[in-house]
Every structure is written in structure tokens, then in C-alpha cells.
Amino acid sequence: MLLAPLARVSREVAETSARSRKISLLAELFRTAGPEDVPVVIPYLAGRLPQGRIGVGWSSLKDPPAPADSATLTVGGVDRAFSALAAVAGAGAQAERRRLVRELLAAATGEEQRFLVGLLTGEVRQGALDAIAVEALARTSGAGAARVRRAVMLAGSLQRVARRLLADGPEALEEFRLTVGSPVLPMLAQSAGSVEEAVERLGDCAVEEKLDGIRVQVHRSGTTVRVFTRALDDITDRLPEVTALARRLDGDGFVLDGEVIALDEEGRPRPFQEVAGRVGSRTDVTSAAAAVPVSPVFFDVLALDGRDLLDLPFARRHEALARLVPEPVRVRRVEVRGPAGPSGPGGPPGSPGGAEAAEFLRGTLERGHEGVVVKALDAPYSAGRRGAGWLKVKPVHTLDLVVLAAERGHGRRTGTLSNLHLGARRADGSFAMLGKTFKGLTDAMLQWQTERLRELAVGDDGFTVTVRPELVVEIAYDGLQTSSRYPAGVTLRFARVVRYREDKRAEDADTVDTVLAAHGRPPGGRT
């Protein structure tokens with residue numbers, strides 16, 4: 001398959017907001033793609049490289065060669081070129097990567113060049129998410145969307161299902177079943193503005209602590225235990241304490257869903273980064289476990305005694321979980337009644353269940369956790385989806401920060417100043433950068449900030465435009481994490497733009513010490 005139609009469809013999908021049109025465009029593309037191309041086409045559409053990070057920086061992308069006159073690149077050929085780039089290492093690696101990149105771009109047309117640069121820089125964001133690809137595959141193959149979605153959930157891979165579906169038709173979906181030892185995509189939660197809103201929407205529900213740990217899926221068959229991450233990576237060897245606990249449980253043929261967390265001496269959760277570092281440690285696991293012992297906390301069971309429980313209502317799955325897993329390693333929770341309970345929907349707002357849920361949230365936050373997940377008692381396990389039966393609620397932190405610089409956009413954002421460098425005030429009046437974000441920007445905001453930042457520009461290296469620190473922007477974020485890359489020693493987690501605050505001056509922006517104090521960190525971060 002040629003790359004040209006993929007680059008064209010990527011652009012066309014970016015230019016439409018209509019979901020139905022996106023699905024039609026992808027369905028047309030899948031009809032022309034061979035089964036061997038789909039495992040590459042799908043991640044490309046979502047802006048991902050199957051090879052992961054391949055070490056290509058901006059220095060390799062500056063001054064691209066003139067584009068080719070005609071389209072000759074194939075999807076398979078580009079994939080092999082990216083694999084060759086990923087394999088470059090050792091002395092002279094940077095020069096070799098630049099040579100390979102220029103060779104690839106010289107063979108690409110103008111539209112193909114823009115698409116390839118967008119892939120390499122992470123700027124392909126055209127809304128072609130996996131959910132839309134599922135709908136498109138269903139339309140292309142004649143299989144029902146629900147069947148395709150379930151197969152993807154059980155296979156843990158949209159690409160794998162797409163290849164089999166396009167090669168052998170809808171009957172191939174029957175081979176995808178829940179199997180102990182093979183991970184499935186986890187169910188995810190949508191967001192709600194408050195616990196009262198969540199209870200109003202769901203009716204009778206359970207309110208559970210939302211833990212800031214690493215999501216794990218634990219499989220046991222006989223004495224064999226395997227532990228997988230949310231991304232379905234096998235981390236069994238890194239978590240011996242989880243494996244030991246799973247072997248002690250009085251059951252077999254089970255799949256558990258939960259998180260691993262680390263607690264300090266007072267029983268409060270340790271920072272997420274410490275847990276992530278522990279789970280990421282591959283070498284000296286014994287020393288890592290001694291330094292940061294972790295504990296599993298389970299909140300669902302997907303299979304027990306070899307029986308698939310996915311379609312059971314959550315209340316029955318939790319009964320099975322309570323029989324299998326002792327209370328100390330089950331998530332703390334409370335069940336509440338909602339207005340859409342046995343008496344039917346339409347109950348009065350402000351029900352007692354909402355008040356009870358709000359009280360549980362307050363206690364959860366006091367215990368140091370990040371929020372709650374509200375789960376409908378009648379909801380099945382919608383693996384791999386942000387199901388409407390799970391709603392997460394957590395406080396939103398906001399800061400007023402100053403824009404210090406902005407990076408030039410690529411792909412759909414070519415011609416704009418997109419990725420913002422965000423700073424907080426120091427005591428001496430200077431600014432410490434706390435991170436970057438391009439998230440939360442509407443097209444109108446992007447256009448406005450580009451024009452405004454150009455007026456404030458004081459430097460331009462061809463990639464980043466430095467500006468006078470005058471423009472204040474309100475940023476929402478999920479918390480802080482330690483980072484040696486930034487002068488205050490911390491950076492913002494999941495930062496996104498809320499709005500610009502033209503009513504505020506730079507001296508009204510939040511200070512570094514204020515940011516640190518709000519998260520229980522000592523003032524006076526590195527300068």
C-alpha cells in the first residue's frame with residue numbers, strides 16, 4: 001500500500017469534526033489496505049510509531065530536502081525505514097539518523113513529508129482514535145461494531161484484530177476469548193464534575209478510592225502467576241510481592257484488576273513517581289523492593305475458576321472478588337443509593353446517596369488519595385473503553401502561570417505557535433519553568449495565542465519562539481512530579497490550558513513557593 005492515501009486521509013480526518021465522516025474516511029482506507037499493512041496504518045493514524053521512540057530530534061528535521069514529484073513510498077517501506085532509524089546507535093549515530101531521515105524525506109511528496117514529520121514529532125493529532133477505527137473496521141468487514149470492540153478488548157490489540165478481520169472476515173472474531181494468562185484491555189472511567197453528579201447519573205453505585213498507583217492485571221492458573229500493566233506489558237518478575245500474594249489466594253483460574261501502591265510509615269500513599277520507578281526497575285528487583293515495597297489493591301475480578309465474568313453486573317463481580325480477596329487488599333469503598341435506583345429514574349436531586357458519597361470523597365482526600373471512582377452496580381466490565389458505568393471524580397488544581405516561550409506547531413498546527421513553556425514567579429521576580437503543554441487549546445485559542453505571542457517575541461531559533469514574560473494563562477493540572485529537567489525540581493502532571501487571563505499581570509501569577517506549598521513540598525525549590 002502506498003503511503004500517499006494514508007497521508008491524505010490523515011489530513012482529511014483532521015479537517016472534519018464529524019464522527020460519521022471520520023469513520024467513512026477510515027473505512028475507505030481500510031478497504032485499500034492489505035492485512036499486512038493494517039498493523040502499521042492504525043498506529044500511524046493515531047500518531048504512534050510501532051517502534052516507539054526512535055531517537056530522531058529536531059536537528060535531524062531541520063531544512064528538509066525538496067519533496068518528490070510523485071508518490072512512491074509504501075507503508076511497509078516507511079515502517080522498515082523507521083526500524084532502521086531505531087536501530088542506529090554508537091559513534092556517529094546523530095549524523096547517521098540525519099542521513100536516513102533526509103533520504104526518507106527526499107522520497108516523499110510534500111503532503112507525505114508533512115505527515116512523516118508529524119509522526120516523528122508527535123504532532124499527528126487528527127482525532128482518528130481507536131474507537132473510530134473500530135467503527136470503520138466494522139463497516140469495512142461487515143462485522144458488528146460491538147463484536148469488533150469485544151474482540152479488541154479480549155485480544156488487547158486493535159492491530160491484531162484488524163489483521164485477522166481483514167484477512168478472514170467476521171468469523172475470525174470468534175477466536176478472541178478471555179483466557180487466563182492473556183491480558184485484556186482494562187476498563188477506564190469517564191469524568192464527572194462532582195460525586196453528587198456521578199450518583200445522579202448512575203443511580204445505585206459503589207464509591208471507591210481512586211489510587212494514584214500503577215494499574216495491574218493479575219492472572220493465576222495453578223501456580224503460574226502473571227502480572228500485566230495497563231499497557232499490557234508483562235511485569236511479573238518486577239513484583240514478587242504481588243506474585244506471592246496471588247499464589248496465597250484460595251482460588252484458581254482468576255483474573256484480578258487493581259493497582260499497586262506504596263505507603264509511607266504513616267500509611268499514606270507515597271508519590272506516584274516512586275511507585276513508577278519501583279515498577280520500572282528491571283535489574284536489582286530485590287533492592288528496589290526493599291527500598292519501595294508495594295502493595296496490590298484489587299477492585300474487580302474478570303474471571304474466576306476459569307469462568308468469564310465480564311458480562312456480570314458489577315455487584316455480582318464484587319461479591320466474587322470479596323470471596324477471593326481478603327479485605328486488607330481490596331479497595332476501600334462504600335455503596336450508596338441513587339435517584340435512579342429501584343424506584344426508577346427521576347428521583348429528587350441532592351439524594352442522601354450523593355451526600356454520603358461526598359463525605360467518602362472528603363475522607364479519601366484526607367487519607368492522601370487523589371479522588372474516587374463511582375461505579376454503577378449493574379454495569380458490566382467494558383474492557384478497553386471509558387465506559388459510562390464508571391465515573392471518576394478528583395479535585396482539579398489550577399494555576400495562573402506566565403508563558404515564557406512557545407514551540408512552532410507541526411502537522412495540523414503548522415504555522416502556529418503551539419506548545420507553551422509555562423513559568424511560575426520566583427521571589428526575585430524571575431520565572432522558573434514548570435513544564436509545557438499544547439493540550440486544551442481550541443482552534444480559536446491557538447490562533448489568538450499565535451498572534452499575541454508573535455507580538456511578544458524576543459527570540460526565535462527556528463523551533464522555539466521566546467517571548468517577553470507578560471501573558472498569563474490559567475492551567476489545570478493533576479499534580480506535581482519530581483523532575484531534574486526543571487529549575488524548581490518539579491513539573492506539572494497532565495497540564496492543559498483552561499483560558500487566558502488578560503485581566504492579570506505577570507506579577508499576579510502564582511509563585512514557585514505557592515505551587516510547592518499547595519502540594520506539601522518545602523519552599524525554595526532549585527534555582
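A residue is called buried when its relative accessible area is under 20%, exposed when that value is over 50%, and partly exposed in between, with a 1.4 Å probe and protein chains only. The model is predicted, so local features need pLDDT of at least 70 and side-chain atom pairs count only at pLDDT 80 or more, while totals for chains, interfaces and linings use all residues. Residues are numbered from 1 along each chain as its sequence is written, and side-chain values use heavy atoms, with hydrogens and water left out.

L302 lies in strand β6 (residues 295-304), a strand being a DSSP run of E with at least two residues, just as a helix is a run of H or I with at least four, numbered from the N terminus. Because its relative accessibility is 0%, L302 counts as buried. Beyond residues up to four places away in sequence, L302 touches L178, V184, V255, R307, D308, L309, L310 and Y381, where contact means heavy atoms within 4.5 Å.

In soluble globular proteins, nonpolar side chains tend to be buried together.

Which residues of α3 meet α4? They are V40, V41 and Y44, and their partners in α4 are V75, V78, D79 and F82.
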